[in-house]
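Subject: Structure handover

Dear colleague,

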Amino acid sequence: MTTVLQDPPAPLPDDTPLVADRPATRRRVGFGIATIVLGLITLVAFGLGSESGLDATFVFSRASDAVQIPDLTIPARWTGIVLGLVIIAGGILLALGVLGDRIYLVFGVALALFIVALLAWAARGADVSIIGLLDGTLFRATPLALGAFAGLLCERAGVVNIAIEGMLLTAAFVAALTASAADNTWVGLGGGIAAGALLGAFLGVLSIKYQVDQIIGGTVINIFALGITSYLGARVLSEYPDLNQPGAFRAFGIPGLERLPLVGPLLFDNTIYVFLMFALVVGLWWALFRTRWGLRVRAVGEHPRAADTVGINVLRTRYRSVMLGGAIAGLGGTWFTLDATGSFNENMTAGKGFIALAALIFGRWHPVGAFVAALVFAFSEELQTRLALLDTPIPSDFLLMTPYIVTIIVVAGLVGRSRAPAADGEPYVVE
Amino acid sequence: MSTATVDATGPASDGGTNTGVGARLAALANGLIIPVLALLTALVVGGLVIVFSDPDTLDEWGSFFGDPLGALEASWDIVYDSYRALWNSSLGSSRGLSRTLVEATPLALAGLSVAFAFRAGLFNIGAAGQIVIGATCAGWVGFTFDLPTAVHLPLAVLAGFAGGAAWGGIAGVLKARTGAHEVITTIMLNYISYRLLDYALRSDAFQPAGRDDLISKPVADSARLPEVSFGEITVHAGVFVALVAAVGVWYLLERTTVGFSLRSVGANPNAARYAGMSVAAMYVLAMLLAGGLAGLAGTMNILGRPSFSLTGGYYSFIGFDAIAVALLGRANPGGVLGAAFLFGVLRAGSTGMQAATSTPVDIIVVIQALIILFVAAPALVRSIYRIKAGRGTSQNFTTSWGA
């Protein structure tokens, strides 16, 4: 197949964005006004509009924890009023320019205070478990972060991976099948990782060897994964239910560290997935930005021709990155069957792979950024389920929307333009 | 940063140096042979999946050495029966053909939506959400008002288009004004639209009196799409809307100045800006129209198909298919129509197949993925069938990824 690829065009000299950035002042005033509105909502909805005399209790420890932190009980109405006024003051100062250019910091703090006031209001006359909220956030962040890391490795090497969803789903299915057959969750973990790596290799063959457009290749994998897992689920798993009982990993604590107050039960008493997620954030950051291997991967994603010129094997580097990425996505996929639910259901990933893709872009193609983005998504998901349990008068459908609305606001306002690796999505032809 | 364009109109138009008659014939044959072989290969692989997942057939294979012919015969039988049932309930009967066309209509419109955005360099993953909002708006107009058909039907269709356009336009404006990536915003807008639909379906404005499940009132007779018959084939008028939309999209893209600007922005936004085109305006326009087309897809479904009610799982009916149709159709209006028809055949046939042979409908999703795979990777098909490399076209949808 002859391709009509020309030489890669020289990078444009000017790096000005295609869509004009808003001037700094307008941006600052805009965020100031947004902050003031947030404060007014807090003041009116959670403060003045709330019943007086009710206390909200924030719980920081579980009964089983080694060190008990006393509960924090605060008057709900006054919390709303005070925090509302603080946020409004912050917004005014931001708009007037007193706080300088610390737009993100001010808006972030305002958002955090807003959430505290919201929780106090929702839990008025009752209590809300902060430790449970944070623990749930870590739990839900796992597949998102692992999926985002998978995309990160592929895209840093210049291969767009929109197949994260398909990789997660396939790995979830394979993990359920192999773990059930071997009666061992570790076999399932290995099976899922292998399935992910295999799909990564497939994406690599399509996009590197056959130079299929990478979005098409990814879409093929997504559709195929959905089709084959649904088909085999209906045909095989429902006929032989024994093959869909993989069991689940248990949480375990790290001796010593798990006894620390708050962070012990939160960070050091988890299933293997959370620990692996932590390890991968640090490991990927170090590998990508502090090793020769990482420099090569990034060079291949930014300027493959230059990388080739200095003797880096572009295609091999891409194959390896895509397969490694697939393996990480596979690991994330096994979470669905070996941690979250303990069995495979049709289309059980339900778009989590696309949220992971969003986390990757939101996190600006950086391991730490992607991890933080995954935490933000996971927190809003967890918050929404907790609020639904607390029986607030907000219709549950709107609560369910909040993570997505927050994402849009954050992506549009705070992050704005995020830049992909320069050669992301472009096939490379060795000359 | 574009190394290739989405302008691939097929191998025949690949302006090479050798334009002799023989070369043209070879190019034409090459252009037809790949899709045909792709379809064939996909059906063969699909057949293998059917064989090796059917418990009874697998039992036969278990005793292969005792009775090799039995295993082969059982395998042939189940594949033959499955595909015959698929054929009979899609192309093989006039009822099937009617269903195929009706199934293909929303696929074509949603595929046009994704294809149109592709041409402007945008990846619209949000067709699903735009469909939901379009169908919700059209449905609401359809069951809330009591008007003569001449007013009611156009009003409902317009509402569906406007709803989808507004939903897509949000992503376009965000992209143009803040640079927010359309992949993120359209995915998020999808989820928001599903929740909005659920909320609407619980409200008194939508829910029929006495029901508390997620369903809306049925669309009034005056807002339903009229049925059209050709001999034994009966389809609703939405089929023609899809055809007109395809022609409209083609004309806009290929024959107007705006279309040229859109394609220029899609091919290379830096060059387009340098040439004085407003990249931001094109992004907004592209997402408005793409959203409107997807909104029409939802509209044709709610106004044209029996039940005429919105339900809770309304969004799941199209899923990835819009993207797949656009890709298979190479982002060309004509190609999208063909791809939508093919997917319509598979959709219409699959339910008949499941009823006749208990082969789960999900097998068609596998076959769809395989078809896209083989069409997208002609080199793969050539290596399977040992066809010499012909003139291929390369296409690249990912130019907008980092822009």
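The notes below cover aromatic pairs, charges over rings and nonpolar cores.

This is a predicted model, in which local features need pLDDT of at least 70 and side-chain atom pairs count only at pLDDT 80 or more, while totals for chains, interfaces and linings use all residues. Residues are numbered from 1 along each chain as its sequence is written, chains are lettered from A and ligands numbered from 1 in the order in which they are written, and side-chain values use heavy atoms, with hydrogens and water left out.

Over all chains, the structure holds 18 aromatic pairs, where rings of Phe, Tyr and Trp (its six-membered ring) pair if their centres lie within 6.5 Å, and planes under 30 degrees apart count as stacked, over 60 as edge-to-face and the rest as tilted. One of them joins A:Phe252 and A:Phe275, a tilted pair at 5.2 Å centre to centre with 45° between the planes. Because A:Phe252 lies in strand S4 (residues 252-253) of chain A and A:Phe275 in helix H9 (residues 272-290) of chain A, this pair ties together parts that are 23 residues apart in sequence; helices (H or I, at least four residues) and strands (E, at least two) are DSSP runs, numbered from the N terminus. A:Phe252 counts as partly exposed at 40% relative accessibility, whereas A:Phe275, at 15%, counts as buried (buried means under 20% relative accessible area, exposed over 50%, partly exposed in between, with a 1.4 Å probe and protein chains only).

In chain B, the ring centres of B:Tyr191 and B:Tyr194 are 6.0 Å apart and their planes stand at 75°, so this pair is edge-to-face. The two tyrosines, B:Tyr191 and B:Tyr194, are three residues apart in helix H7 (residues 182-202) of chain B, and are therefore separated by about one helical turn.

Two charges also deserve a mention. The charged end of B:Arg224 sits over the ring of B:Phe308, 3.8 Å from its centre, and B:Lys175 lies over the face of B:Tyr283, at 5.3 Å from the ring centre; the criterion is NZ of Lys or CZ of Arg within 6 Å of the ring centre and within 35 degrees of the ring normal.

Finally, the largest nonpolar core has 198 residues, of which A:Phe149, B:Met188 and B:Ile363 touch the most other members; such a core is a set of buried Ala, Val, Leu, Ile, Met, Phe, Trp, Tyr and Cys residues joined through side-chain atoms within 4.5 Å.

Best wishes
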